[in-house]
Amino acid sequence: MTNPPANQNEQSAVHTVDQLVAVNPYNPDILPDLENYVNEQVSSQTYSLNANLCLLRLYQFEPARLSTQIVARILIKALMAIPAPDFSLCLFLIPERVQMEEQFKTLIVLSHYLETARFRQFWDEVAKSRHILEAVPGFEQAIQAYAIHVLTLTYQKVPRSVFAEAINIEGPSLDKLLDHHIANSGWEIEKDQSKGQLIILPRTEFNHPELKKSNADGIPLDKIARIIPILG
């Protein structure tokens, strides 16, 4: 008898956990399954906010069973989902006494740096906190993707040095990343005598206000109708 493929087993586990959460999310008997599922998310680089929130709520009812290792992994995965507000949603369910532990204070600081786009400070803190973050693969890549997202919303042209600082990549690795985006994302490189190399990012309504203005001319009537009562 042949064993089912690994990805089929993972999908079955997901369906099982989702069913457990849907049927009885406040049943403490499912707590071990939800903890195992957090570890599965880490190893398979998947993510389920609903299952993780369910586990954090169960910890509120079963504080003696709370695992700080599991909670830390949940918060790291939530941080990787930025700009979604997952980190704040999870943090709201974590007792203050737990938040005061050093590893959680560090994660809160990292979240603040990301929310305020203070990337240099963020990466400096990451360098001092690898013992907390290294348990969750893909963390740095997720944050680098977020930093690029912020830069493309903010800049029309960004100096290479600013870009490198934001994503914490330099040298040949940065060259390879830029070549990829030039080939696939419409980026361009421009040389400036005073600023050095400039990265020209694609035009969007965020980094080119005139595009936003033209789009605003066509606001659907149903959206205006929903806004008027709020203003009143």
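Hi everyone, let's start at a helix contact: from helix α11, residues R160, F163, A164 and I167 meet G171, L174, D175, L177 and L178 of helix α12. Contact here means heavy atoms within 4.5 Å. Sorted by class, the contact of α11 with α12 has 6 nonpolar, 1 polar and 2 charged residues. For the classes, Ala, Val, Leu, Ile, Met, Phe, Trp, Tyr, Cys and Pro count as nonpolar, Asp, Glu, Lys and Arg as charged, and the others, Gly among them, as polar.

Before going on, a word on the source. This is a predicted model, in which local features need pLDDT of at least 70 and side-chain atom pairs count only at pLDDT 80 or more, while totals for chains, interfaces and linings use all residues. Residues are numbered from 1 along each chain as its sequence is written, and side-chain values use heavy atoms, with hydrogens and water left out.

Now the overall view. The protein chain has 14 helices and 3 strands; these are DSSP runs numbered from the N terminus, with helices being H or I of at least four residues and strands E of at least two. Of the 232 residues in the protein chain, 37% are buried. Buried means under 20% relative accessible area, exposed means over 50%, and partly exposed is in between, using a 1.4 Å probe and protein chains only. Among contacts in the protein chain with a separation of 6 or more, 56% are between residues 24 or more positions apart.

Back to our helix pair. How do the axes of α11 and α12 cross? Helix α11 covers residues 160-167 and helix α12 covers residues 171-184; their axes come within 12 Å and cross at roughly 100°. The axes are lines fitted to C-alpha atoms, for helices over the stretch in contact, and angles run from 0 to 180 degrees between N-to-C directions. The two helices are therefore roughly perpendicular to each other. On this scale, angles under 35 degrees are roughly parallel, over 145 roughly antiparallel, 65 to 115 roughly perpendicular, and the rest oblique.

R160 lies in α11 and D175 in α12, so the pair ties together parts that are 15 residues apart in sequence. Both ends are partly exposed: R160 has a relative accessible area of 22%, and D175 is at 35%. In the loop between α11 and α12 sits N168, with a positive phi near 60° in a residue other than glycine.

Next, the sheet. Its 3 strands form an open sheet in the order β1-β3-β2, with antiparallel pairing. Which strands are at the edges, pairing on one side only? Those are β1 (157-159) and β2 (188-192). From one strand to the next, the twist averages 35°. Strands pair if DSSP finds at least two bridges between them; β1 and β3 (residues 196-200) have 3 bridges in the antiparallel sense. One detail to look up is P159, whose bridge partner in β3 is L198. Our friend α11 packs on the sheet here, touching β1 and β3, and its direction makes about 80° with that of β1.

How many salt bridges turn up in a search of the whole structure? There are 6, where the criterion is a side-chain nitrogen of Lys or Arg within 4 Å of a carboxyl oxygen of Asp or Glu. Helix α8 supplies two examples. D124 and R120 meet through their side chains at 3.7 Å, N to O, and being 4 residues apart in α8 (residues 119-128), they are separated by about one helical turn. K128 and E125 have their closest N and O atoms 3.6 Å apart.

Finally, some stops elsewhere. N52, in helix α3 (residues 49-61), counts as buried at 2% relative accessibility. Beyond its neighbours within four places in sequence, N52 is in contact with V38, Q41, Y47 and I74. For those of you who check backbone geometry, the peptide bond from I82 to P83 is cis, with omega near 20°, and P83 is in the loop between α4 (68-80) and α5 (86-91). A117, in the loop between α7 (102-115) and α8, has a positive phi near 55° although it is a residue other than glycine.
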